[in-house]
Amino acid sequence: MGTRPDSEIQIGGSWQLRDINGRKFGSSSLEGHYYLLFFGTTLCPDVCPLTLMKMVKAQRSLNRSSEGKQFIQFQTVFVTVNPEADSA
């Protein structure tokens, strides 16, 4: 996949997936809020559980801080990279 030298690579933008109930869920669902996207699989034995644990710990720390309580409330969104194995 090549890019032209004069083209500009853009990061971000809107996105849409399905939630565990099959309903549309995307960036518009989280508009106006901070969020973390985590890409993984429930069958991951090592990295995914440890990384999720770190994310929960970071979120709890932020929620306990005065700044976090007032300004930095965010949601964590788990996105499977193995939809055949990870069911709702």
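How many positive and negative side chains does the protein chain have, and how far apart do the centres of the two sets lie?

**Figure 1. Charged side chains of the protein chain.** The protein chain carries 9 positive and 8 negative side chains, with the centres of the two sets 9 Å apart. Lys and Arg count as positive and Asp and Glu as negative, while His and the chain ends are not counted. The place of a charge is taken as NZ of Lys, CZ of Arg, CG of Asp or CD of Glu. The structure is a predicted model, in which local features need pLDDT of at least 70 and side-chain atom pairs count only at pLDDT 80 or more, whereas totals for chains, interfaces and linings use all residues. Residues are numbered from 1 along each chain as its sequence is written, and side-chain values use heavy atoms, leaving out hydrogens and water.

**Figure 2. Helices and strands of the protein chain.** Two helices and four strands are present, and they follow the order β-β-β-α-α-β along the sequence. The radius of gyration (taken over C-alpha atoms) is 16 Å, well over the 12 Å that the globule rule gives for 88 residues, so the protein chain is more spread out than a compact globule. That rule is 2.2 Å times the number of residues to the power 0.38. Helices (H or I, at least four residues) and strands (E, at least two) are DSSP runs, numbered from the N terminus. Along the principal axes, the C-alpha atoms fill a box of roughly 45 × 35 × 30 Å.

Figure 3. Leaving aside residues up to four places away in sequence, Gln 59 touches Phe 74, Gln 75 and Thr 76 (contact means heavy atoms within 4.5 Å).

**Figure 4. Ser 65 and Ser 66.** Ser 65 is partly exposed, at 21% relative accessibility, whereas Ser 66 is exposed, at 52%. Here exposed means over 50% relative accessible area, buried under 20%, and partly exposed in between (1.4 Å probe, protein chains only). The side chain of Ser 65 reaches the backbone oxygen of Leu 62 at 2.8 Å. Ser 66 belongs to helix α2, and the C-alpha atoms of Ser 66 and Phe 78, twelve residues apart along the chain, are separated by 26 Å.

Terms used:
A polar contact is a pair of N or O atoms within 3.5 Å; within protein, one must be able to donate a hydrogen and the other to accept it, and residues adjacent in sequence count only if both atoms are side-chain atoms.
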